[in-house]
Amino acid sequence: MKLISIISDDISQVFRIVVPSTGEKINCLLNYSRLQEGWFLSFDYKNFSLNGVRIVNSDNFLRQFKNIIPFGMMCTVDDGFEPSFAQDFSLGRSKLYLLTEEEVNEQVST
C-alpha cells in the first residue's frame, strides 16, 4: 500500500498516481464539497472512468471494481469518522492509500 501524500487543503486538485503492478498512470481529480462536507474522487485509468465517488473511511472504497481495475483505495481517519473537512488530508487526520492488486485480492479472500 502506498500513501498518497500529495493531497493539500485545496478544494479542487488534479494529480497522477502510478499503479505499481503495471507502471500505468491514474489521472485523478479530487474535489471537496462544502455542502456535503466530504471529499469526492474522479479518475481515469485506461478505458475506465469513475466520476465523483465519495471517499469514505474504508479498507477499500473501490472494492466493487476489483475485477475491472488492478488497484484499490483505502482511506483511514484517525478518529474513525469520515473525512469531512477540507484540511483532513493536509493535516493528517485522514490518509488515502493506493492498494496493489495483491492487497485487494487478500482482502477478498479473508
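Predicted model: local features only at pLDDT ≥ 70, side-chain atom pairs only at ≥ 80, totals over all residues.
Which residues is Asn60 in contact with, once its neighbours within four places in sequence are left aside?

Asn60 is found in the loop between strand 5, residues 48-54, and strand 6. Leaving aside neighbours within four places in sequence, its contacts are Gly72, Met73, Met74, Leu99, Val104 and Gln107. Is Asn60 buried or exposed? Its relative accessibility is 4%, and because the limit for a buried residue is under 20%, Asn60 counts as buried.

The protein chain contains 2 helices and 7 strands. Their order along the sequence is β-β-β-β-β-β-α-β-α.

As to overall dimensions, the C-alpha trace spans about 35 × 30 × 20 Å along its principal axes. Of the 110 residues, 44% are buried. The accessible surface amounts to about 6200 Å², and carbon and sulfur atoms account for 50% of that surface. If we consider contacts between residues at least 6 apart in sequence, 40% of them join residues at least 24 apart.

Gln13 belongs to strand 2, which covers residues 12-18. Its relative accessible area is 7%, so Gln13 is buried. Along the chain, Gln13 and Leu30 are 17 residues apart, yet their C-alpha atoms are separated by 5.1 Å. Leu30 is also among the contacts of Gln13 beyond four places in sequence, together with Ile6, Ile7, Ser8, Cys28, Leu29 and Trp39.

I turn next to charge. The protein chain carries 10 positive and 14 negative side chains. The centres of these two sets lie 4 Å apart. How many salt bridges does a search of the whole structure find? The search finds 5, and I shall describe three of them.

One joins the side chains of Asp59 and Arg63, with an N to O distance of 2.7 Å. Both partners are partly exposed: Asp59 has a relative accessibility of 39%, and Arg63 has a relative accessible area of 31%.

The other two involve Arg93. Asp79 forms a salt bridge with Arg93, and their closest N and O atoms are 3.0 Å apart. Asp79 lies in the loop between strand 6 (71-77) and helix 1 (88-91), while Arg93 lies in the loop between helix 1 and strand 7 (94-100), so this pair ties together parts that are 14 residues apart in sequence. Asp79 is partly exposed, with a relative accessible area of 41%, whereas Arg93 is buried, at 17%.

Asp88 also forms a salt bridge with Arg93, and here the closest N and O atoms are 2.7 Å apart. Asp88 and Arg93 are both buried. Through shared partners, these salt bridges join Asp79, Asp88 and Arg93 into one network.

To close, I return to the opening residue. Asn60 is a buried position, it sits in a loop, and its contacts include Met73 and Leu99. Thank you for your attention.

Technical notes. Residues numbered from 1 in each chain as written. Heavy atoms only, no water. Helix = DSSP H or I, 4+ residues; strand = E, 2+ residues; numbered from the N terminus. Buried < 20%, exposed > 50% of the residue type's maximum accessible area, 1.4 Å probe, protein only. Contact = heavy atoms within 4.5 Å. Areas by Shrake-Rupley, 256 points an atom, 1.4 Å probe, with all protein chains shown as cover. Lys, Arg positive; Asp, Glu negative; His and termini not counted. Charge placed at Lys NZ, Arg CZ, Asp CG, Glu CD. Salt bridge = Lys/Arg side-chain N within 4 Å of Asp/Glu carboxyl O.
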